[in-house]
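Subject: Handover of a structure for your study

Dear colleague,

Please find the sequence and structure below. I would ask you to keep them open while reading the notes that follow.

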Amino acid sequence: MSGKILYSYTGIFDTPDQIIHAAEKAVEEGYTKYDVNTPYPVHGMDKAMKLKPSKLGYFALVFGLSGTLSALLTIWWMSAINYPIVIGGKPLFSFPAYVPIMFEVTVLSAAIMTVVVMLFFFFKLPNNSHPLHGTVYMKKVSADKYGISIQADDPKFSESSVRKFLEGVHAAEIIPIYWDEEEINHQNKIFEPKFIVFLAAVALITSGVTYFSFNKLMYMVPFNWMMDQPKLSAQQQSPIFADGFGMRLPVAGTVARGYMLYQFTGQPDSAGKTLVNPIPVSKESLALGKTKFDIYCSPCHGYNADGASRLRGQFPNPPSLHSDKVRTWTDGRIFAVITEGQNIMPSYSSQLSVDERWAVINYIRALQRALNAKESDVQ
Amino acid sequence: MSTVDLTQELSVIEGKPPLRELDDLISKPIDAKASKKFYIALTISGSMLSLLVIGLGLTFYYGIGMWGNNIPVGWAFDITNFVFWVGIGHAGTLISAILFLLRQKWRTGIARFAEGMTIFAVMTAGLFPLIHVGRPWLAAYLFPYPNQHSIWVNFDSPLLWDVFAVSTYFIVSLIFWYVGLIPDFATLRERTNHKIKKITYSIFGLGWRFSNKHWQHYEMVYLILAGFATPLVLSVHTIVSFDFAVSILPGWHATIFPPYFVAGAVFSGFAMVQNVLIIVRKVFNYEHIITLDTLEKMNKIMLLTGSMVGYAYAMEFFIAWYSGLPIERFTFINRAFGPYAWAYWIMISCNVISPQLFWSRKIRRTIPVMFVIAIFVNIGMWFERFVIIVSSLSRDFLPSSWHLFVPTYTDFMILIGSFGFFFTWLLLFAKALPVVSMAEVKATVTGSQPSHGGH
């Protein structure tokens with residue numbers, strides 16, 4: 001007994017009636033720092049110990065309502081402010097659809113937080129180093145006995161009076177409980193080899209798993225984002241065909257849908273006589289023509305079709321499109337040049353569709369007219 | 001029969017066993033070495049589980065094409081199984097929360113086990129939406145989190161409500177279960193001398209001291225959790241039914257769905273709990289804790305909910321006729337007499353006819369008969385979901401796109417495997433944790449409460 005620090009005096013009882021009686025008497029005696037331990041909640045004990053009703057209900061209310069509110073605000077911000085998308089013609093903020101989620105979040109936050117507050121703030125658990133742990137007393141009250149423990153730091157505590165009190169309420173057994181010296185003097189040692197090894201193992205496993213999942217696992221079937229597919233990509237080889245090419249030419253003698261054969265190969269003059277521009281001048285066709293002209297024609301002919309281009313000096317200069325020759329050409333004659341090329345100019349039939357070529361011609365006409373405007377255009 | 005006094009409420013626990021004996025009995029399966037029976041059961045459920053693993057492996061490697069699902073039947077076994085397993089879970093919450101609020105003391109013997117079943121059933125159910133997305137490792141997209149695409153989930157969609165409902169349900173059930181387990185962990189901690197067990201129980205028991213200052217808050221929190229779990233459980237199956245009811249498909253687009261689904265869920269859940277408990281009380285000798293009276297009460301609930309489900313079937317037909325919509329009428333006639341008529345009549349005979357036998361007190365109290373009826377109920381409830389999902393999808397508005405669903409062997413592997421998954425968890429639970437709440441059962445034994453407490 002010497003040197004040990006007393007925590008409390010405990011009495012053990014056999015029936016629930018006795019423990020209720022003992023608790024009532026303890027309150028009468030004026031003990032404040034005492035506790036009753038029973039294997040299950042004994043009815044009427046709150047009244048006997050004169051405990052105030054639990055306030056945890058308020059926590060549930062506050063956490064529940066803040067869950068509701070934060071769910072509503074989050075959903076509103078996400079679907080009406082941050083990234084508004086109209087879904088099914090419904091308003092951006094369609095409250096009725098949010099009710100189920102608001103309810104679920106309410107329940108979730110209230111349930112989690114109430115339990116967290118109770119266990120960690122009200123009870124200050126986990127606590128496995130309480131002096132009552134590891135005692136005969138705890139063994140008994142956890143199974144089938146009922147115990148009362150009067151703490152040594154109670155202002156009315158004295159060993160003799162408490163012993164007398166417990167005898168007075170007919171405790172079957174009276175056990176003094178001492179602080180565990182080892183636990184009191186225990187200090188966590190950070191540099192303990194065991195702890196260091198534990199840290200090292202955690203670091204190793206974490207980094208190993210991370211490395212494996214990000215650098216290896218992500219590139220394995222089926223985790224590889226469907227990168228591995230049985231189809232052929234452009235330029236890939238195929239063992240199916242004798243020549244080994246994955247990309248195939250169209251079958252000889254077939255014509256693709258919408259394809260019109262150009263009938264004037266090598267005959268630009270007859271093309272100029274026969275072909276008529278089918279695309280009427282409009283805002284859209286001019287816009288299309290400008291886009292295509294700027295992409296395909298302007299590198300040599302210049303943005304204004306005057307030959308003042310970015311490539312000037314590096315190739316034989318192309319003639320200006322504002323010359324009388326080109327201005328008096330029919331649309332069909334220009335079409336023939338774009339389609340077949342001329343001198344050093346290559347064919348643009350693969351870059352420009354038929355309609356795009358006519359649109360480019362419309363745009364060239366507009367450029368020509370801009371430089372050689374008639375009197376009537378100014379008015 | 002004439003000797004039974006029906007006006008007298010029966011004691012929850014038969015006899016008046018000493019409290020320590022209850023502890024010994026409940027912790028016996030945990031402390032003792034597992035019996036041969038346990039290993040046989042574990043082998044069976046483990047083999048079924050391995051079917052699931054193989055089925056999922058095939059699905060993930062080759063893709064969802066391994067299943068019979070195809071347009072128009074895009075939902076088939078997977079969603080049927082999902083709804084079935086979520087429904088199984090509902091009985092646990094009903095027993096632990098709703099019956100707690102209604103102060104039905106007979107729940108104490110079965111509550112812990114039923115809660116465990118809830119958790120495992122929801123885990124099993126949760127598998128199906130995950131595997132249905134085909135790439136479950138990308139399932140984080142289901143939750144609204146700040147991502148590179150800077151896009152959010154669709155909050156107007158019932159499928160998203162489902163994500164929230166099921167995950168909330170799982171977490172809250174787990175918390176409810178764990179809170180109930182804390183005092184039992186502490187009891188086990190005090191009982192054991194085994195070093196590793198002691199450390200494990202100390203960690204999970206959090207150093208619970210059985211203090212009455214704690215018990216007071218503890219009981220309040222238990223009440224609060226029960227109060228939250230009650231509307232939660234109703235909301236979960238309501239939202240599951242929204243997956244169907246909010247769409248415009250004939251056979252799905254019905255306002256009766258939420259109550260109809262909740263009743264069905266409780267119905268099938270009780271059948272499953274009853275089935276498993278009959279085995280548990282036999283194997284672990286819990287006949288006086290999980291009494292025949294408790295089983296009889298569960299049968300009564302099955303009779304009630306079975307009749308509600310039967311009423312809903314009839315009402316669906318009536319509304320289809322009363323609505324005057326030819327397509328709606330066709331859907332229901334097709335359901336009863338079309339290509340899936342066999343499934344429909346299995347459902348009717350298992351769900352509507354078989355529980356009506358429980359009107360007889362004798363059948364309610366005969367264990368083999370009630371066991372068989374409960375199995376029928378579970379078969380019927382699985383087919384209910386199958387009929388709703390597949391028969392409606394396979395015959396929608398446009399006859400040119402009609403197509404029948406034929407399950408593949410992978411579908412069956414996953415279905416059977418899901419039972420293996422569920423029962424493996426359940427067996428491990430029965431071996432590792434107290435399947436009956438020690439603290440709660442002790443509190444309901446005759447003479448365990450003060451005689452002048454006024455209760």
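In chain A, four strands form an open sheet in the order E2-E3-E1-E4, with antiparallel pairing. Strands here are DSSP runs (E, at least two residues) and helices likewise (H or I, at least four), numbered from the N terminus; two strands pair if DSSP finds at least two bridges between them. Strand E2 (34–37) and strand E4 (173–178) of chain A are the edge strands, each pairing on one side only. From one strand to the next, the twist averages 20 degrees. Angles run from 0 to 180 degrees between N-to-C directions, and axes are lines fitted to C-alpha atoms, for helices over the stretch in contact.

E2(A) and strand E3 (residues 146–151) of chain A run antiparallel and are joined by four bridges. A:Val36 has A:Ile148 in E3(A) as its bridge partner. Helix H1 (residues 16–29) of chain A packs on the sheet, where it touches strand E1 (6–13), E2 and E3 of chain A. Contact requires that the C-beta atoms of two residues, placed from the backbone, lie within 7 Å.

The model is predicted: local features need pLDDT of at least 70 and side-chain atom pairs count only at pLDDT 80 or more, while totals for chains, interfaces and linings use all residues. Residues are numbered from 1 along each chain as its sequence is written, and chains are lettered from A and ligands numbered from 1 in the order in which they are written.

In chain B, the axes of helix H5 (residues 158–191) and helix H6 (residues 195–205) come within 8 Å and cross at roughly 155 degrees.

How many residues does each chain bring to the contact between them? Chain B brings 57 residues and chain A brings 63 residues. H7(B) gives the most to the side of chain B that touches chain A, with 15 residues.

Yours sincerely
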